[in-house]
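Colleague: I have a chain open on my screen and some questions about it. Can we go through them one at a time?
Modeller: Fine, go ahead.

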Amino acid sequence: MGTALIEFLLPAAALTSTLILVGVLVVSGVAKLRTPDDAEGWEALGLPAALRKDWLIRLHPVAELVLAAALLLLGGLLGVAAAVVAVLLFAAYLVMVWRARRKTPDASCACFGERQPITGRTLVRNGWLTLLAVISALTIGALPLFGGTVVLAIAFWPWTLALAAVAVTFVLVQEKAGESAPAAHVAGGSGAGPADDAELEDYLRARIPAVPVRLADGSTVTLRQLAETKPVLLLAVSETCGSCTPVIERIDAYRALLPEVSVRFLLQSAPEDSRLASAEEPQTVHDPLRYVGPSLADHWFTPTAVLLGADGMLAGGPVTGASAIAEFVDDVYESLHGERPPAR
């Protein structure tokens, strides 16, 4: 009885762990091909400059798909080699997200294409995937050298169907939250916005939340009051966020490009605790109690930009990521001037 149980459990463990890893790698690779990450995102995860190359970023999802194919089709020593690579890969992912979250509480990653906040759940997920990779490495060597998991999946077809049913059910019960459209509609602007009508119709403008924020001089205003006289472009950044660096460096250029808009940093630290704090107009905006993010989006992390209209309504965003913010600033310029800004 004990021998029969072991003879079932070992192949079942190999099949289950390896098929889950294959599925995760395929989903991750395809998602990254559809929504590529950038060098700023890799920097935020602590990757050294030598690895933040455009060709490596483009190759990353392809490598995940190749690894998935190797785990699926290879057994024996070749399968063990592929599984060991999977162990190293998922362990590296775990270390990177743990370090990023420890360094920046509002850190994010593009683990599955779209950037999402790093939470405790992210750490548990990556730890679990690392454990599955270890189990695969310990069991896949017993599978045929060529055919590997596919041969086992056919032999254990009832088990394979059960796993497929669980996976399909999980996918069907997931609901994807809708995203805010980054359309720019600057109420009170000097020019008629030429933005696509369909985009503007899709962007449901909402009232600016009247949550309190502090200015660098110590005064308190509401977010809605902040934009009473002119539109405000808030750039949510953090001094400890590597991917925020380009946004921080470009603020003067954004102010020069958009003199009609008050371009301000939004910081989660108090004025006395931030080296970016400035009491000169336009003053930095501080949200130490973190009212702003949850009032504007389900997930809020840096760098993010949001446009507050002078009519008391949200005018665009939030958009996240340095590249997306640069594009968003160009959209605001086009909304005001009827043309894209000069090449910079």
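Colleague: Which residue stands opposite T304 in β9?
Modeller: T320 does. Keep in mind that this is a predicted model.

Colleague: How do β8 and β9 run, and how many bridges join them?
Modeller: They run antiparallel, with 4 bridges joining β8 to β9, which covers residues 314-320. The two strands form a hairpin with 5 residues between them. In that turn, G312 has a positive phi of about 85 degrees.

Colleague: Which strand is joined to β8 by 5 bridges?
Modeller: Strand β5, residues 232-236, and that pair is antiparallel. Within it, V232 stands opposite L308 of β8.

Colleague: Which way do its side chains point?
Modeller: T304, V306 and L308 point one way from β8, while A305 and L307 point the other way. Residues on both sides are buried. In general, side chains in a regular strand alternate between the two faces of the sheet.

Colleague: New topic, aromatics. How many aromatic pairs are there?
Modeller: The count is 1. F90 and Y93 make an edge-to-face pair, 5.9 Å centre to centre with 90 degrees between the planes.

Colleague: Where are those two in the chain, and how far apart?
Modeller: Both are in helix α4, residues 76-103. F90 and Y93 are 3 residues apart there, which means about one helical turn separates them.

Colleague: Buried or exposed?
Modeller: F90 and Y93 are both buried.

Colleague: Take L59, which is in α3. Why does L59 count as partly exposed?
Modeller: Because its relative accessibility is 41%. Partly exposed lies between the cut-offs of under 20% for buried and over 50% for exposed.

Colleague: Last one, the whole chain. What does its secondary structure come to?
Modeller: There are 12 helices and 9 strands. The chain has 344 residues, and 44% are buried. Its accessible surface is about 17400 Å², with 64% of that belonging to carbon and sulfur atoms. Among contacts with a separation of 6 or more, 68% are between residues 24 or more positions apart.

Technical notes:
Residues are numbered from 1 along each chain as its sequence is written. This is a predicted model: local features need pLDDT of at least 70, side-chain atom pairs count only at pLDDT 80 or more; totals for chains, interfaces and linings use all residues. Side-chain values use heavy atoms; hydrogens and water are left out. Buried means under 20% relative accessible area, exposed over 50%, partly exposed in between (1.4 Å probe, protein chains only). Two strands pair if DSSP finds at least two bridges between them. Rings of Phe, Tyr and Trp (its six-membered ring) pair if their centres lie within 6.5 Å; planes under 30 degrees apart count as stacked, over 60 as edge-to-face and the rest as tilted. Contact means heavy atoms within 4.5 Å. Accessible areas come from the Shrake-Rupley method with a 1.4 Å probe; for residues, only the protein chains shown count as cover.
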